[in-house]
Amino acid sequence: MCGEDGNFEVKAIRYPRYIDMEKCIACGLCAEKCPKKVVDEFELGLAQRKAAYVKYAQAVPLKYTIDPKNCIYLIKGKCRVCEKFCPAGAVNFHDTPKEFIIKVGAIILASGCEVYDPATHDIFGYGRSPNILTSLEFERILSSSGPFGGNLVCPSDKREPQKIAWLQCVGSRDEHPGAKGYCSSVCCTYAIKEAMLAKEHSKGPLDAAIFYMDVRTHGKGFERYYNRGMDEYGIRFIKSRVTRIIPLEDSDKQLIRYIDNTGGRLEEAFDMVVLSVGLGVSKQAINLASKLGIELDRNNFVVTSSFEPVRTSRQGVYVCGNFESPKDIPQSVIEASAAAGVAASRLAEARWTMTKIQKTPEQIDVHDEPPRIGVFICRCGTNIAGVVDVPAVVAYAKTLPYVVHADENMFSCSQDTQDHMTRLVKEKGLNRLVVSACTPKTHEPLFQETLTNAGINKYLFEMANIRNQCAWVHSQTPREATEKAKELTRMAVAKVTLHHPLTELELEMNPRALVIGGGIAGMTAAWKLAEQGYFTYLIEKNGSLGGHARQLQETWRSEDVQKNLSKLIDAIRSNNKIEVHLNTRVKAVDGFVGNFKTIIEKDGQEEVLVHGVTIIASGAAEFKPDQYLYGRDPRVMTGLELDQRLIENTLFLKREIESVVFIQCVGSRIPKRPYCSKVCCTHSLKNALKLKELNPAMDVFILYRDMRSYGLREDLYRQARGKGIHILRYDFDRGLEVETVKESLRIRFTDTSLRRKMEIRPDLLILATAIVAPKENPLARLYKVALNDDGFFVEAHVKLRPVDCATDGIFICGLAHAPKPIDESIAQAQAAAARAATYLAKDSIRVGGVVSHIDSTCCSGCKGCINVCPYGAIFFDDENRRAAVNPALCKGCGACAAACPSEAAVLMGFSKDQLYAQIKSAIVA
Amino acid sequence: MSENAFEPKIIAFMCNWCTYGAADLAGVSRLQYPPNIRPIRIMCSATVSPHYILRAFQEGADGILVGG
C-alpha cells in the first residue's frame, strides 16, 4: 500500500478459484463428482469436503471453487472430472492469480480474530480425546448444517452425551506462555448459549456444568440470559480453577480435576468437555498491520483511544471488530458503522463525485389490459431437468388460463435468456411473467430488472421455486416432482393473474438531523453529522453540554476525560452546522423519516424544528441508593461522587483516609434490576488504583460478586491485585450490612472463599451503583419507539442493527440504549451518525411497492391494525375515524391484513384474493 | 408412492425471511422429503389470518404448516 490519507493506492492479489463466478450456477455437480476428499476446514476437521467445494451451504455468493492444494488435476495433471460434468462450462483450469490496484481515500481494517489453540497447553487434554472439543467445534456439532446434522453426539462413538462440561478462560486471563492475559469478553455468554442449546438438542436429560472464574455477562440483556440458564435450564455454574483434564480410557469419559471456591480439591467425570477458547490476533493480521504501518499493543491489538475508538495510528486507516480488542457481534457491528462513518466524514467532499445514473425505459400502462402471461420453465442445466420432466411442465403451462406463451430455457438467468424474454414481451404483448426456476430469494431482482427494461411494471411477476424446493429435494421421485413442478407453476400463474402494477413514490428527504441529548454520545453524533456536511440541531434539557462525563476523571486507559470533553464541546460550539438548544425539551412530534417536525420548548417558548432523521442520546442516570447509609453518612458516596472529589481534589480536605471499601453491584443484578451496569467493576478498579497511587499505605477493599473487567480491562484487575488491593467476593445471598458503630463505619459480610463472616471499618465507603434509565421517558411515546423492561431503548435487531430503532429514521446511542463506558458510547454515537447519514445522503426516499394499504371505505376504525403494526406505520385519521398506512414506514409484513376484521387492510402483491387463488390452485386442478 | 395409498396435500405458509430461506437451504443441502408440500411464500407469518387456514381446509387441504 502506498499513498496517504485521502489518496491511497492498494495493490491486491485475487487468487484463482478455477471456476468462473459469472457462469457457475451453484448446482454442486463439480463437488459431487470430484474424487478427492479432504478435511473440511469450515467444519474444523469434523467432516470432509471435496477439492471442488463451496465453503458452506449459506455462502454468498453461492459459487463453487477449486482448491489448488488438493485438486488432482492441478497437482498431477490428470482428472478434469468436474470440467466434464459442469453443465455451465464454468470450470477454467487456466485461471491465474490477478494483481490489481484499488484507489481509495480511506482504509478500514476488519480482519477479525482467530481462536486460541488449546493444544499449546497440555493440561486441557485437547487432542488426546475426540470428546475434548473447542467451543467452535461444539458450535459445528450443534449446527443443523454441521457434520452431525445438529444431533448432539460425542465425536468418538456418536452416542448422545449425558454430561457436558464447559471450561471457561481457556487461553484467556492466563499469563502463562502461549496464553493471553486479557479477557476474551465473549466466552461466558457463548458458553451459556451453547449449554442452553445443548440441553434443547439433547433427547435425554443433559447435565451441563460451566467451570468459571467470574461469569462475565456484561452485555445488554446478557444477565437475564445467565439467570435463565441457571433458573430455567438448570445449568450448573461451578466457580473453580481447573488443574487438569484426564481422558479415562476404560469409560471413555474425561475426568476434570479442579479446586473449588473454598480451596477444596475435587474431581468429576464428563462425557464431553468443551473448552471455551479465547480470541486473539492472527499472524496474517499482524503482518497486515506491519505492511500498513499500524501501531499494535503488546497483545497485537490495534492501538486506539477511548475518544477515537476506530482510528488507528495512521491517518486515514480505521479499524473495527476483534482486531481492535475482543468483542461480541453487536459491538463489532457498531464499530463497523462507526468506522464507515468516520471514513465517510473524511471523504465527505468526494461524495457523489463518481456516481453513474442508470436509465430505465418508460413504463407501459397495462393496468386495464386482460392478463397476457408468459411462462418460462428453467432446465438449470440438469439441476431441474435431471429430475423434472421440463417439456411436460411447459406443455401443461400452455393449458393454463391467460397463458399466451410458455417455453423452456437451459439457464433462465443467463444474459441471452433475459434478452430473449425482453423480445418476447414486445412481440407477443406479454404483460405478466412467471419464471419457474430456482428461488426468488436470489433471482427475483434479476427478472424484475428484465421486466423494468422491457417497460413492464416489475411487480407483474412471480417465480415458482421448482429447483430448491422441488427438483433438489425430490430427486428420488421424478414423477411426483414433475407433478409438483406443474402445480407450483399453476399456483404462480393463478397469483400473477391477480397482480396489479404497484407504484413507488419519491418522498423528499430533509437533509437536517436532530440529536436529542448533549452528553458525550449526543455531542459526538452531532459533530460527526456536521463533519459529513449535514446541518444538525442538538438539544439538551440541562443548561450545559457534557452530561455525566463532567463527573468522570479518567477513562480506564488513564485518558483525561475533562480535557477531551472540553475539546468536544469546543468543536460543537465552533461548528456553524450545529445549532445547540440548551434547557430544551421535546414537546410534540409529527411526521416521519425524511420529514419530522419536532416541537421543542425552551423557557416557555415553543419552536418547530424540521428534520429528516432523529438520533436519541438522552442518556441514563446513576442510581442513588436507599441503603448502606447512603445520604445519611457523609463517608458513604457513589462512584461518580468519588470521581467528582478526585477532579476537584477535595477528597482529603476534611479527614485522613486510611482505608476505603468499594461495594459492587449496588442496585444492579438484583431481581428488581436484573442487568449488569457494565462500567462499575472497571470504574472501581480504576479508582482503587488511583487511591493507592495517592496514598500507597491506604487499605483498599473491593467487595464484588463477579469481577467484570472484560476485554483488555483485565489489565486493571491484574494491576490492582499486584498493588495489594484486597479484592473479596461477598456472598450475595447472605447479604451485606453497613452500620455506624461508635461513629465508625462497619461493614459485615460473608467471604465466599473463606466462608467466614468478615468485618471492615473503613474511613470511606464507595458504592458502585447501577446505571438506571429514567422512570418516565416521554421520547419513547413521542417518537413511537419501544423501551425494554429496564427502560432502555430497544434496537431494531440486537446483533445486526444495534443503533437503529424499528421505526425508520430514528437511531439510538449512548446510555439511552444500555449501560456502557465512554469508548463504547462514542463508537455507538459515530455509528448512529453513520447510519443516519445513509438517509441524509439521499435527495429522496422511494416508498411503496410491497406495502400495506387500508381501504378507507371498508375500515371501521377499530384500530386493531395500529396495535399490531411493529413499525408504527399506521396512523389514525381522527377526522374521518379511519386508519391509514404511511408507506414510508411500512415494511410490508402484512400483520395488519391478518388483524383487520373488515379485510380493509391489504398487503399489496399478497392480497387475500391472491392467497386464496394460490390455495385453490394448489389443491384443485 | 403407490396409486391407492393416501397422500396428503399440505399447504405450507412460509415466511420469506426464515422458513422460506430454510426450505431453499434444504435444497442446497440436498435433503430429501416427501413431495406433498405446496409452499406459499408470505412476507411474515403474522399475515397468516385464520381465514387462510380455514380456506385451505375448505378447499381440501389435509394439513397446514405455518413457518415463521
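**Figure 1. Chain B and its contacts along the sequence.** In chain B of this predicted model, 81% of the contacts between residues at least 6 apart in sequence join residues at least 24 apart. The chain has 2 helices and 3 strands, and they follow one another in the pattern β-α-β-α-β. Along its principal axes, the C-alpha trace of chain B spans about 35 × 35 × 10 Å. Of the 68 residues in chain B, 37% are buried.

**Figure 2. An open sheet of 3 strands in chain A.** Here the strands of chain A are arranged in the order E27-E28-E29, and their pairing is antiparallel. Strand E27 (584–592) and strand E29 (605–611) form the edges, each pairing on one side only. From one strand to the next, the twist averages 20°. For a closer look at the pairing, follow E27(A) and strand E28 (residues 595–602) of chain A, which are linked in the antiparallel sense over 8 bridges. A handy residue to start from is Asp590(A), whose bridge partner in E28(A) is Lys597(A).

**Figure 3. Helices H17 and H18 of chain A, packed against each other.** Two packed helices are described by the angle between their axes and the distance between the axes. For helix H17 (residues 680–694) and helix H18 (residues 714–722) of chain A, the angle is about 40° and the axes are 9 Å apart. H17(A) and H18(A) are therefore oblique to each other, and their crossing is left-handed. On the H17(A) side, the residues that meet H18(A) are Thr682(A), Leu685(A), Lys686(A), Ala688(A) and Leu689(A). Facing them from H18(A) are Leu716(A), Tyr717(A), Gln719(A) and Ala720(A). By class, this contact has 6 nonpolar, 2 polar and 1 charged residues.

Figure 4. Val60(A) and Pro61(A) are joined by a cis peptide bond, with omega about -5°. To find the spot, look in the loop between strand E5 (52–53) and strand E6 (65–66) of chain A, where Pro61(A) has its place.

**Figure 5. Two residues of chain A with positive phi, Ser185 and Cys665.** Ser185(A) is a residue other than glycine, yet its phi is positive, near 75°. Ser185(A) sits in the loop between strand E11 (163–170) and helix H5 (187–201) of chain A. With 25 other C-beta atoms within 10 Å, Ser185(A) is buried. Cys665(A), also not a glycine, has a positive phi near 55°. The setting of Cys665(A) is strand E33 (residues 659–666) of chain A. Cys665(A) counts as buried because it has 23 C-beta neighbours inside 10 Å.

**Figure 6. Val425 of chain A and the residues it touches.** Val425(A) belongs to helix H10 (residues 415–428) of chain A. Because Val425(A) has 23 C-beta neighbours inside 10 Å, it counts as buried. Leaving aside residues up to four places away in sequence, Val425(A) touches Gly374(A), Leu430(A), Ala454(A) and Ile456(A).

Key
Residues numbered from 1 in each chain as written. Chains lettered and ligands numbered in written order. Predicted model: local features only at pLDDT ≥ 70, side-chain atom pairs only at ≥ 80, totals over all residues. Pairing = 2+ DSSP bridges. Helix = DSSP H or I, 4+ residues; strand = E, 2+ residues; numbered from the N terminus. Axes fitted to C-alpha atoms, helices over the stretch in contact; angles between N-to-C directions. Buried ≥ 20, exposed ≤ 12 C-beta atoms within 10 Å, placed from the backbone. Contact = placed C-beta atoms within 7 Å. Parallel < 35°, antiparallel > 145°, perpendicular 65-115°, else oblique. Left-handed = near helix turned anticlockwise from the far one by under 90°. Nonpolar A, V, L, I, M, F, W, Y, C, P; charged D, E, K, R; others polar.
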